[in-house]
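These are my notes from a first look through a structure that was new to me.

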Amino acid sequence: TTFQNEKKIEYQVQPGDNLYIRVVTLDEKTTILLNPLSSGGNQNIGSDASVYLNSYSVSEGGLLDFPMIGEIPVKGLVVEEIKEQIQDKLKTYMKEFIVIVKLVNYNITMLGEVNRPGQYKIYQDNINIFEAVSMASDLTDFANRNKVAIIRQTKTGSEVVYIDMTKRDLLLSDYYYLKPNDILYVQPVKGKQFSFANFPYGVVFGFISTTILLLSYLQ
């Protein structure tokens, strides 16, 4: 069976987001002028701090301040639309150039019944729920795979959606691909505290042994 699910994150940029933007031209001086953040000689953007320092922040008003073209509104736009806007405005000043725009690493948080709960940084355009769970070394044996909560920020607040990871229909869901800052909370199955894996065998056997000794002594 084939499931159609477009591999597009279609994330709309919001105030506070960071974008990595680079303009490549045939003229070295122009390239340096248009890329002041990364023209200091250190092109290593491997660390989180370097990625942040080599990116542009979107203001509270949803504006991006870029060299030569000034402020442009980017709130609610996807990365490809921002790239097109920068290209159109730079055409006034030059002819041959390439614009690269990427959303700087974003966070996915996984909590509850996962083997390695915590916050994970994503360095790719999109990630589906199974790829995210694999980063946390899969779900635990006590995870309720039938009811996994996805907490997603929207314009009106936080949205909570429950998905069933055992159903094939998940591949058709709008929540199959995660978005920046999504939170996954995996609930435990009912009665986890009474499971055999957590059963206090040592305490029970110790109690039985003590009882037997007392009975032997009394007899």
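Predicted model: local features only at pLDDT ≥ 70, side-chain atom pairs only at ≥ 80, totals over all residues.

**Entry: the hairpin.** I looked up strand β3, residues 63-66, and strand β4, residues 70-73, and found that they pair in the antiparallel sense over 4 bridges. The two strands form a hairpin with 3 residues between them, and Met-68 in the turn has a positive phi of about 75°. Across this pairing, Phe-66 stands opposite Gly-70 in β4.

**Entry: the whole protein.** I then stepped back to the overall count, which is 5 helices and 12 strands. Of the 219 residues in the protein, 35% are buried. I also looked at contacts between residues at least 6 apart in sequence, and 58% of these join residues at least 24 apart.

**Entry: the sheet of three strands.** Which order do the strands take in the open sheet of 3 strands? I read it as β2-β1-β5, with antiparallel pairing. Strands β2 (56-57) and β5 (97-103) stand at the edges with a single partner strand each, so one side of each is left without a neighbour in the sheet. Strand β1, residues 18-25, pairs with β5 in the antiparallel sense over 7 bridges, and in this pairing Val-23 has Val-99 of β5 as its bridge partner. I noted too that helix α3, residues 79-90, lies across β1 and β5 and runs at about 150° to β5.

**Entry: the sheet of five strands.** The open sheet of 5 strands has mixed pairing, and its order is β7-β6-β12-β9-β10. Why is one side of β7 and of β10 left without a neighbour in the sheet? Both β7 and β10 (157-163) stand at the edges, and each has a single partner strand, so one side of each has no neighbour there. From one strand to the next, the twist averages 20°. I found 5 bridges joining β6 to β7, and these two strands run antiparallel.

**Entry: Thr-109.** Is Thr-109 buried or exposed? Its relative accessibility is 16%, and since buried means under 20%, Thr-109 counts as buried. Leaving out residues up to four places away in sequence, Thr-109 touches Gly-118, Gln-119, Asp-182, Ile-183 and Leu-184.

**Entry: Glu-113.** I next looked up Glu-113, which is in the loop between β6 and β7 (118-122). With a relative accessible area of 10%, Glu-113 is buried. Glu-113 and Asn-144 are 31 residues apart in sequence, and their C-alpha atoms are 8.1 Å apart in space.

**Entry: the second largest pocket.** How much space lies in the second largest pocket? I noted about 370 Å³. The second largest pocket is lined by 13 residues, and Tyr-11, Gln-12, Gln-14, Gln-153 and Thr-154 lie nearest its centre. Strand β9, residues 143-154, gives the largest share of this lining, with 3 residues. Sorted by class, the lining of the second largest pocket has 6 charged, 5 polar and 2 nonpolar residues.

Methods: Residues numbered from 1 in each chain as written. Heavy atoms only, no water. 1 Å grid on protein atoms, 1.4 Å probe; cavity = no way out; pocket = protein on both sides within 12 Å on 5 of 7 lines; lining within 4 Å. Points joined across faces, edges and corners; volume = space filled by probe spheres on them. Nonpolar A, V, L, I, M, F, W, Y, C, P; charged D, E, K, R; others polar. Pairing = 2+ DSSP bridges. Contact = heavy atoms within 4.5 Å. Axes fitted to C-alpha atoms, helices over the stretch in contact; angles between N-to-C directions. Buried < 20%, exposed > 50% of the residue type's maximum accessible area, 1.4 Å probe, protein only.
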